[in-house]
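Biologist: Please take a close look at the aromatic pairs in this model. I would like one connected account, with the geometry stated.

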Amino acid sequence: MAVADDWADSSVAVPAITAPSTLACFRSLGGRDGTDVRTIALAERDGIPATRSRYCDETVPVPSPHENLIAYKDALLSVAMRPDVRTIIPVRDVDVYVLAKYKDEFDGYVSTPWPDLETLAAVQDRVQLFDAAETAGVSVPDTALLDSTDDWDWDREWIVKARYSILVDEYVDRCTPAEYLDPPKTEYLPSGVEPDVDRLRQEMNHVPLLQEYVPTTEEYGFFALYDHGEPVATFQHRQLRGYSYAGGASSFRESVRIPALEEAGRDLLDHLEWHGLAMVEFLRDDETGEFKLMEINPRFWSSLPFSVQAGADFPYYYWQLANGKREEIDHEYEAGLAGHLLRGELLYLRSILVDDVELAEKPSFWSAVGEIAHSIVEHPRFDCASVTDMRPFVRDMLDAYDAYK
């Protein structure tokens, strides 16, 4: 779709989710001192923290994709048909799946800086993804379908994880076009015990993957915006703490610039001829130093506020690309910065108290409290907390208390 040069009275639509990525988009695009963009929250329910932001101009109710994926698509399309809306920003895997599957419908109304369904399937199906990585020369952990052979060495350390990042009819036979299921959680297998394959297959609603457990605390993210196979902007961070002491989403991380990480991320995305957003997750093997691919998230990432704070303003880059302004993207970021998601730090402490992951070493609770306190003093940089836009942070902390009390 052709886009006009004049950005006046133009809007961007973003699904409103609890992760900080929606809020980061609103603050980036809605607070640009004279060149701000009207922001529209596509909300499935009331009270989502990002909708409380001073930079959220409008909230449009939409159906939940969990309840009816077709109805969700139709609601997004009706917003896209508005003359003021230039594009939609995906912040969940289900968002980019809907946008990719029905890309031809959206292309008549808004700019579509996201992949087509065939390319998307190559990353949402991890069998295809790991095959592509090996072809591109990117290291991967030993991985195979759980029921592919009985000849496994169960004395090794293994995990069982979903084959697909979302369960939809395109990937799983049991689903209809209107159905969508979140992927099942990763299961850590005790060493020396053969798993119950039938149970895991039934609980996960498909044949999952068996993958070697990579024993490392070195988790890295390579973040990129691509334009039809060419990188427009990239960013890297090292995860220092996750929601769980076993890993997971990032609660504390630092910006880095590592040539080998850049090479691995770009080699893979170049091979895929990627278009749009991507977060490529790696673990760094303690023994070999190799960056081993974990997955690709083909949308904005939950730690997006930190990327923006480090100088990599991806929501604005996305907006510029969507509006035909790629040549104006001025990309740079500062390495060596660190930042927190405070709710994530609380979840990290909670995981120490209530979780028991056999393959991961559990830290001392009080030493973890001390480390978090020290890092907050040393790096007072936060994803949600902002003295100029406090309401989303307050709502987020109240929601976290209600969910985990």
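Modeller: The structure, which is a predicted model, holds 18 aromatic pairs. One of them is formed by W301 and F314, with 5.1 Å centre to centre and 80 degrees between the planes. The pair counts as edge-to-face because the angle between the planes is over 60 degrees. W301 sits in the loop between β13 (291-297) and α9 (304-309), while F314 belongs to helix α10 (residues 314-322). The two residues are 13 apart, and their pair links distant parts of the chain. Both W301 and F314 are buried.

W301 and F314 also belong to a cluster linked by ring pairs.

The axes of helix α5 (residues 117-124) and helix α6 (residues 126-136) come within 5 Å and cross at roughly 90 degrees. The two helices are therefore roughly perpendicular to each other. On the α5 side the contact is made by A121, A122, V123 and Q124, and on the α6 side by R126, Q128 and L129. By class, the residues of this contact divide into 4 nonpolar, 2 polar and 1 charged.

Note on methods. Residues are numbered from 1 along each chain as its sequence is written. This is a predicted model: local features need pLDDT of at least 70, side-chain atom pairs count only at pLDDT 80 or more; totals for chains, interfaces and linings use all residues. Side-chain values use heavy atoms; hydrogens and water are left out. Axes are lines fitted to C-alpha atoms, for helices over the stretch in contact, and angles run from 0 to 180 degrees between N-to-C directions. Helices (H or I, at least four residues) and strands (E, at least two) are DSSP runs, numbered from the N terminus. Angles under 35 degrees count as roughly parallel, over 145 as roughly antiparallel, 65 to 115 as roughly perpendicular and the rest as oblique. Contact means heavy atoms within 4.5 Å. Ala, Val, Leu, Ile, Met, Phe, Trp, Tyr, Cys and Pro count as nonpolar, Asp, Glu, Lys and Arg as charged, and the others, Gly among them, as polar. Rings of Phe, Tyr and Trp (its six-membered ring) pair if their centres lie within 6.5 Å; planes under 30 degrees apart count as stacked, over 60 as edge-to-face and the rest as tilted. Buried means under 20% relative accessible area, exposed over 50%, partly exposed in between (1.4 Å probe, protein chains only).
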